[in-house]
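Thank you all for coming. Please take a moment with the sequence and the model on the screen before I start to talk through them.

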Amino acid sequence: MLSVEMCWGQAGIFTFGQAALFGLGGYTVGLITKNSSITDIGVLLLMAIVIGAVAGLIIGIFLFSGKRVGELYVVLVTLAISYIFERLANSWTVLGSGNGIPGIPSPTLFGMEIKSIIGLFILAFTVFALILFICIFLVNSQFGLTMNAVRDDEERAEFFGYKRSRIQIVVFVFAAVLASIGGALFAVTESFVSSSMTGLGLSTTIVLWVVLGGRGTFFGPLIALAVLQAVNTKMQEVLPSLWPILVGLLLVLAMIFLPKGLMSLPATIRESLRKKSSV
Amino acid sequence: MKLLEVNSVTKKFGALTAVDKASIFINQNEIVGLIGPNGSGKSTLLHTVCGRTIATEGQILLQGLDITKQDPQDRAIAGMAIKFQLARIYLEKTVRENLLISLQAKETIWSQLRNKSLAKFEEKITTLADEFQLADYLNEFAKSLSHGQQQWLEIAMAMASDPILLLLDEPTAGMSPKERADTAILIKKASKKCGVLIVEHDLDFIKEICDRISVLHQGNIIATGTSAEIEKDPKVKEVYLTRV
């Protein structure tokens with residue numbers, strides 16, 4: 001989610017490929033633990049960072065070097081990447097085909113095994129908090145303004161002298177690393193990876209969180225994530241076939257009536273009250 | 001050496017020749033106006049100079065450096081700045097942030113991450129805001145500014161990078177007479193630091209502030225000279241002045 005927010009919310013790169021990068025991080029951990037005795041979380045995260053960065057760099061150079069490309073082009077290419085990765089994970093035996101890679105051992109930290117649910121939660125939360133802190137720092141730095149300048153008017157930014165393609169590649173690589181770290185944490189906390197964590201479904205869900213919460217903010221999408229995930233499990237039991245349609249409808253309504261997401265709700269209400277009182 | 005030399009530039013869009021072997025030049029601290037009827041190729045010529053489109057033929061030199069095929073960002077780094085016809089500022093950002101966006105454009109990402117230049121730029125932001133009558137609006141969103149103030153903000157953003165050449169596409173469009181007069185003063189002040197090329201429909205404004213004027217008609221430069229010379233030119237009278 002932070003990965004999509006950095007890409008789309010802050011730099012205007014509308015990506016549907018983050019699930020593939022999330023899966024890449026997960027499969028990196030799955031393959032390393034399956035083929036070696038390495039379980040140290042530091043090493044596993046480092047490998048996920050390196051693999052995520054390399055993948056992000058390759059995709060980023062392909063997408064953004066050279067002339068400006070439209071948003072639709074980025075959407076289609078990243079959608080295709082998610083689709084290809086999901087197909088690959090489903091069919092390639094090295095990645096466990098449809099069964100994925102089960103039985104990923106518990107991670108260790110300084111030789112101590114982190115096995116309990118609380119321990120894994122603290123691990124995931126610590127990494128998340130650290131990443132959130134870095135994201136907030138980036139957004140509030142001068143570079144945050146640069147990302148927004150490219151997001152709001154790429155061409156204008158170029159005329160000021162911004163190296164637009166370099167900025168977009170840097171942001172995409174950073175976001176790819178975040179997604180890959182997320183996938184690695186998923187793998188060690190859930191003890192398995194499978195193609196379901198890499199495809200279009202997850203990519204779309206993440207975009208949904210950002211749209212609902214409010215593009216350009218971190219806490220809006222986090223709230224949307226928490227609410228939707230809390231409701232999701234129950235609703236899938238109560239309305240198994242209708243729930244995905246309702247989620248889709250919610251997305252359409254949000255884009256029409258709350259294009260800036262939940263975080264803009266107070267301001268929207270204030271504005272409509274002001275208009276009413278002035279009539 | 002001339003500040004800008006546009007030598008026999010042609011721009012074709014398929015079978016249409018929008019600019020045909022046009023040549024203009026600008027000296028340091030000179031204000032040059034580019035006028036012509038609608039569809040004469042003024043904006044296209046300006047776009048080939050700023051890099052929005054690449055000339056099909058001909059050569060563009062900025063202080064002797066061939067920039068004909070360069071990207072806009074490289075031209076900006078070489079010292080060119082532009083104000084577009086419709087103000088292209090960042091409406092959801094404050095005036096201060098808009099100025100900062102322009103000021104930090106040539107900084108490295110590493111330097112931006114460390115907020116290295118923030119203090120240095122703060123002084124420049126204050127100076128620019130004073131100069132362009134925006135000091136009282138520094139913390140206001142750009143979208144709350146009047147039309148004229150938005151145009152000034154974009155000129156201020158263009159001037160923030162200390163350009164050697166300032167390109168202005170219809171800087172007074174939609175302005176009140178008072179704003180227009182103030183804009184003339186601002187442009188004259190700017191020309192003390194750089195050369196200025198203005199594309200404008202307002203002939204009185206052009207005559208008032210330009211040292212030289214070039215007239216475009218159907219993609220060709222048909223006359224160049226002072227406003228007095230242009231007014232006397234029979235070709236200009238025929239194709240342009242009689243229509244205004």
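Predicted model: local features only at pLDDT ≥ 70, side-chain atom pairs only at ≥ 80, totals over all residues.

How many residues does the contact take from chain B, and how many from chain A? The contact takes 17 residues from chain A and 22 residues from chain B. On the side of chain B that touches chain A, the elements that give two or more residues are α2 (72–78), α3 (95–103) and α4 (109–113) of chain B. If we sort that side of chain B by class, we find twelve nonpolar, six polar and four charged residues.

Let me now take the chains in turn, beginning with chain A. Chain A has twelve helices and two strands, and if you follow the elements from the N terminus on, they run α-α-α-α-β-β-α-α-α-α-α-α-α-α. The radius of gyration of chain A is 20 Å, close to the 19 Å that the globule rule gives for 279 residues, so chain A is as compact as a globular protein of that length. Of the 279 residues in chain A, 44% are buried, and among its contacts between residues at least 6 apart in sequence, 78% join residues at least 24 apart.

Next, the packing of helices inside chain A. In general, two packed helices are described by the angle between their axes and the distance between the axes. Helix α2 (residues 18–35) of chain A packs on helix α8 (residues 164–190) of chain A with the axes 6 Å apart and at an angle of about 50 degrees. With that angle, α2(A) and α8(A) are therefore oblique to each other, and their crossing is right-handed. The residues that α2(A) brings to this contact include Gly23(A), Gly25(A), Gly26(A) and Gly30(A), while those from α8(A) include Ala175(A), Ala176(A), Ala179(A), Gly182(A) and Gly183(A). By class, the residues of this contact of α2(A) with α8(A) divide into twelve nonpolar, nine polar and no charged.

Helix α8(A) has another neighbour to look at, namely helix α5 (residues 117–140) of chain A, and here the axes come within 10 Å and cross at roughly 175 degrees. Are these helices roughly parallel or roughly antiparallel? Angles over 145 degrees count as roughly antiparallel, and α5(A) and α8(A) are therefore roughly antiparallel to each other. From α5(A) the contact takes Leu120(A), Ala124(A), Val127(A) and Ile131(A), and from α8(A) it takes Leu178(A), Ile181(A), Leu185(A) and Thr189(A). Seven of these residues are nonpolar, one is polar and none is charged.

I would also like you to find helix α1 (residues 2–11) of chain A. Why do I call this helix largely enclosed by the rest of the structure? Ten of its ten residues are buried, so the rest of the structure largely encloses α1(A). Those buried residues, among them Glu5(A), Trp8(A) and Gln10(A), pack against α2, α5, α6 (142–152), α8, α9 (200–213) and α10 (219–238) of chain A. Just after α1(A) comes Gly12(A), which takes a positive phi of about 75 degrees. Helix α6(A) is likewise largely enclosed, because eight of its eleven residues are buried, and these include Phe143(A), Met147(A), Asn148(A) and Arg151(A).

Leu258(A) is partly exposed, with 16 other C-beta atoms within 10 Å. Leaving aside residues up to four places away in sequence, Leu258(A) touches Ser264(A), Leu265(A) and Thr268(A). From Val211(A), Leu258(A) is 47 residues away in sequence, yet the distance in space is 8.9 Å from C-alpha to C-alpha.

Finally, chain B, which has ten helices and ten strands. A compact globule of 244 residues would have a radius of gyration near 18 Å, and chain B, with 18 Å, agrees. Its C-alpha atoms fill a box of roughly 55 × 40 × 35 Å along the principal axes, and 45% of its 244 residues count as buried.

Key:
Residues numbered from 1 in each chain as written. Chains lettered and ligands numbered in written order. Helix = DSSP H or I, 4+ residues; strand = E, 2+ residues; numbered from the N terminus. Rg over C-alpha atoms; globule rule 2.2 N^0.38 Å. Buried ≥ 20, exposed ≤ 12 C-beta atoms within 10 Å, placed from the backbone. Contact = placed C-beta atoms within 7 Å. Nonpolar A, V, L, I, M, F, W, Y, C, P; charged D, E, K, R; others polar. Axes fitted to C-alpha atoms, helices over the stretch in contact; angles between N-to-C directions. Parallel < 35°, antiparallel > 145°, perpendicular 65-115°, else oblique. Left-handed = near helix turned anticlockwise from the far one by under 90°.
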